[in-house]
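Subject: Structure handover

Hello,

Here is the structure we talked about. Please open it and keep it beside this email while you read the notes below.

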Amino acid sequence: MDMLRPWIKRLTPIRFFLGFAAVVLVLGASLIRFDVSDLVLLIMVLPILLAAHLGQRRLYLPALTILTLLSIWVIVSTSSDLPKSFSVLALIFVSVFAAAEAFYRLSRIQRRQLGTLHARDRWFRSIFADSPIAIELFDGSGRLIDVNRAGMAIFGVNDIQTVKGFQIFDDPNVTDEVKERLRRGETVHYVNRFDFAPIKAANLYETSREGVIELDVLITPLGVQPEGAPEGYLVMAQDITEQNRRQRALTASEAKLRAIFDASDDGIVLTDEAGMVIEFSQGMERITGWSRAEMLGKPVWEMEYRILPEEVRESLSQEDIRDFTQTSLRTGQASVMGAAIEKHIVGRNGVQKVVELQTFAIPSDDGFQLGSICHDMSERESAAAALRESEARYRILAEMSSDSFTILRVDEDGAMHTVWRTTEALTRLTGYSPEELAPDGYRMQGIVVPEDRGKAVFDHTPERGSLHQEFRIQRKDGQIRWLRQRYRFEHDDAGRPTMLYLAAEDITEQKRVEQEALAFHLEKEQVRLLTQFVQNASHEFRTPLSVLNLDLHYFHRVLANQDQQSRLARMDTQVKTISGLVDALLTLSTLDSEVGLELAPVDLNLLLPDLAAQSQFEAHEADVTLSLDLSPNLPQILGDPRYLATAIQNLLGNAVRYTPQGGRITLSAEDTGDTVRVVVEDTGMGIAPEILPRIFERFYRVDEAHSTQGFGLGLSIAQKVAERHSGRIHVESEIGKGSVFVLELPVMADE
């Protein structure tokens, strides 16, 4: 194939046509004499050769068939010697077919090779365009021909047309030495700082970049001209600014680590992949007493065996440590890897110490290296343990306390930053987590009720000492709570506050108790004054009422006139009414004053029938049936018989007043175990639901027109008697069906 390539290049259609025609003429002249018909045939077959050369194989066979039929017709029509003409035709067709087929194969090989060249050209162009490295092509004079996308990005070029023609020898960032070497056709590799300022100043090309970048540049000459100069230049550049920045940062970091390594009080040991000591810090020298020079290059298991206490050496050999270390070096894993372990070691001077040792694996290209950090705890162990125990106890006590404690640092500008706080107590107090309430300081002011914010201001005057403030806050759940906040500032020599200590507690319950106590005290005082007034007024009323009663009694006996007697009767009724009101007020005021009751065992089996009998006359007058229904053997209760009788009589009197003629009233009692229930049930008019909550109020009457007797105090007295006997009274009623009053009294405990 390599031998045919030169011939294929020279085998153009015209050359092949002329060559083949010459061959046919020579062969024909040597074999037969041509006439006109033979020449016509020769000329007609030439298009077949041209079609075959151009690759139109699909036209080749149809054209050959048509030409064959046409040739036969020409021979028959014009030839005088048919055998000779057919011989010439056969010769021509055989030669044409053989030559066309051979040329077609040569043409197909040529097209395949051209296709391969085109594919390779596309590959190279794709690599050129998509390469992450900037690629530039310059001609022999140094003018830019093409640049890829990476190059446009590095040099801040948006349109390639604006940079084409740029002269590399005009670039101020390329040194004269490099330019001279390029002219000599040398390959140049250099790293330089590329400054865009001179490019813009000289207006060499438009760029969006500014400042200085660092480039790694490789320039390769392409080809050689006859005079020895390069035909062009291939430039490959890479922006290594970030890479160099990271390298410098890494170098600085390594320098810092080296300084820390040498200055650290902790001991640090590093090994290579074979377990040999390659670093032995000054801290390790202080802890163990062995010098760095003595340990470098030694197996790490030998060092570890040297510092083991004698009692440990008896159960652990140096070979055991070596096997364990080699396994860790091989796998990078061990049961103690990464964990901080406290252990005892012996220094070179024979003194035993307590250290905290942490071992770790460092991956490398050849396996793993080992590192160890040794912290001397012998001097601080006892103090640290005591401090940890004290801090743990203090934190537990602080978190268990209902108070919230906070310590804050105060900056010169007055800003506060949390140093320590009890998180759980603060959350219980406010409903907010510390992060929600004050991520870095103490901003309780934000949840203080607006009316109280003036009370939550700190006074940092140096001589004030410890202070406290009380204010209300709104918790996260919306509740309003009272807080008492005690605080104290710590000041520097100039009197500026530097630290703030706070303790906050919820005093809502205390405030409620105080308010209730105040209200109770006021109510008690009010009751005392009212009781005193009622008692004084009652005594003052009793004297004139007694005089009126005597006079009325006298006039009843002396006067006989019927009209005068009726008037005296009405006066007598009003006097009795006023006397009853005075008695009721006096009874109620006595109960309110909490004067001690005369308690004694009370047998309801005897008391209730007597009370029913006393109310029978009033019931009979009102045409109402009163019946008694008692459970047998009711237990005794501890109470004041006088007041209990008053309460039950008030319930019966109330039932009589509000039960129409023909109605029924039932007085019953039953034992429920802990209490005795005394029930007064009537078939009266009933009580409306909206009135039920008010019927035990003083002076409240269902009958607002006062068409019925009573002062509106009977039910109030009954309720107060129940309360003074640790019982209760309640009512159930339905309009038109009647009411049921239930008095519950506790059973007297057995001695």
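For the helix packing described next, an axis is a line fitted to C-alpha atoms over the stretch in contact, and the angle runs from 0 to 180 degrees between N-to-C directions. Please keep in mind that this is a predicted model.

Two helices

Helix H21 covers residues 641-657 and helix H22 covers residues 714-724; they pack at an angle of about 145°, and their axes are 9 Å apart. Their crossing is left-handed. On the H21 side, the contact is made by Tyr643, Leu644, Thr646, Ala647, Asn650, Leu651 and Asn654. H22 contributes Gly714, Leu715, Ile717, Ala718 and Val721. Sorted by class, the contact has eight nonpolar residues, four polar ones and no charged ones.

Strand E13 (residues 467-474) runs antiparallel to strand E14 (residues 480-491), and eight bridges join them. To find your way along this pairing, look for Leu467, which stands opposite Tyr487 in E14. The hairpin of E13 and E14 has five residues between the strands, and Gly478 takes a positive phi near 95° there.

E14 is also joined to strand E15 (residues 497-506), by nine bridges, and these two run antiparallel. Here His491 has Pro497 in E15 as its bridge partner. The hairpin of E14 and E15 has five residues between the strands, with Gly495 at a positive phi near 85°.

Aromatic pairs

How many aromatic pairs are there? The count comes to seven. One of them joins Phe458 and Phe489: the ring centres are 6.0 Å apart and the planes stand at 85°, so the pair is edge-to-face. The cut-off behind that label is a plane angle over 60 degrees. This pair links distant parts of the chain, since Phe458 lies in the loop between helix H17 (434-437) and E13, Phe489 lies in strand E14, and they are 31 residues apart.

Are these two residues buried or exposed? Phe458 counts as partly exposed because its relative accessibility is 22%. Phe489 has 10% relative accessibility and therefore counts as buried. The limit for buried is under 20%.

Phe489 also pairs with Tyr487, again edge-to-face, at 6.0 Å centre to centre and 85° between the planes. Tyr487 and Phe489 are both buried. Tyr487 is the residue that Leu467 stands opposite.

Elsewhere, Phe155, Phe194 and Phe196 form one aromatic cluster.

Regards

Notes
Residues are numbered from 1 along each chain as its sequence is written. This is a predicted model: local features need pLDDT of at least 70, side-chain atom pairs count only at pLDDT 80 or more; totals for chains, interfaces and linings use all residues. Side-chain values use heavy atoms; hydrogens and water are left out. Helices (H or I, at least four residues) and strands (E, at least two) are DSSP runs, numbered from the N terminus. A crossing is left-handed if the near helix is turned anticlockwise from the far one by less than a right angle, and right-handed if clockwise. Contact means heavy atoms within 4.5 Å. Ala, Val, Leu, Ile, Met, Phe, Trp, Tyr, Cys and Pro count as nonpolar, Asp, Glu, Lys and Arg as charged, and the others, Gly among them, as polar. Two strands pair if DSSP finds at least two bridges between them. Rings of Phe, Tyr and Trp (its six-membered ring) pair if their centres lie within 6.5 Å; planes under 30 degrees apart count as stacked, over 60 as edge-to-face and the rest as tilted. Buried means under 20% relative accessible area, exposed over 50%, partly exposed in between (1.4 Å probe, protein chains only).
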